[in-house]
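Colleague: I'd like to learn how to read a model like this one. Can you take me through it, one feature at a time?

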Amino acid sequence: MPSASKSLETFPNPAPGRDFAIHMQIPEFTCLCPKTGQPDFATLFLDYVPDRTCVELKSLKLYIWSFRGEGRFHEAVTNEILDDLVRATKPRFMRLTAKFFVRGGIFTTVVAEHRKKGWKALPEVRLEQFPPETNTR
């Protein structure tokens, strides 16, 4: 079984002349509460518009696993992950949404974003005939 790693690998964007969105749902994120040592669980949603590179999925999985034994506040770990992903991929746009499961009767959602200087999003095209995604396929 592969071991956790803080290394993020990338590959060349196959369509660098076009803005396109990549959406990833990562339902098995865990870290530890820095106050109690109890496990925290979250689903991460990564949305980005790549520039020259895309993040490689196996390295992302191993990177996400690397937080399992580490104490982090929700806000800090969300921003740390975004910073590391931006550093590795240098995207045009990236948003990380971390939806943490209940702790002490409180659900926490943290959203952090990065925009490349000068990048402007194109208007969204909505195709209403497609139903919204669920966490099951």
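Modeller: Let's start with contacts, meaning heavy atoms within 4.5 Å. Leaving aside its neighbours within four places in sequence, Asp51 is in contact with Asn13, Pro16, Lys90, Pro91, Arg92 and Lys116. Bear in mind that this is a predicted model, where local features need pLDDT of at least 70, side-chain atom pairs count only at pLDDT 80 or more, and totals for chains, interfaces and linings use all residues. Residues are numbered from 1 along each chain as its sequence is written, and side-chain values use heavy atoms, with hydrogens and water left out.

Colleague: Where does Asp51 sit, and is Asp51 buried or exposed?

Modeller: Look in the loop between strand 3 and strand 4 for Asp51. Helices (H or I, at least four residues) and strands (E, at least two) are DSSP runs, numbered from the N terminus. Buried means under 20% relative accessible area and exposed over 50%, with partly exposed in between (1.4 Å probe, protein chains only). Asp51 has 11% relative accessibility, so Asp51 counts as buried.

Colleague: Which side chain does the side chain of Asp51 make a polar contact with?

Modeller: That of Arg92, at 3.2 Å. A polar contact is a pair of N or O atoms within 3.5 Å; within protein, one must be able to donate a hydrogen and the other to accept it, and residues adjacent in sequence count only if both atoms are side-chain atoms.

Colleague: On to helices. Which residue caps the N-terminal end of helix 1?

Modeller: Glu56 does, with a side-chain oxygen 3.0 Å from the backbone nitrogen of Lys58. Further along helix 1, Ser59, Leu60, Leu62, Tyr63, Ile64 and Trp65 are buried. The buried residues of helix 1 pack against strand 2, strand 3 (39-49), strand 4 (53-55) and helix 2.

Colleague: And which residues of helix 2 are buried?

Modeller: An α-helix has 3.6 residues a turn, so residues three or four places apart point the same way. In helix 2 the buried ones are His74, Val77, Thr78, Ile81, Leu82, Asp84, Leu85, Val86 and Thr89.

Colleague: What happens just after helix 2?

Modeller: There, Lys90 takes a positive phi of about 50°.
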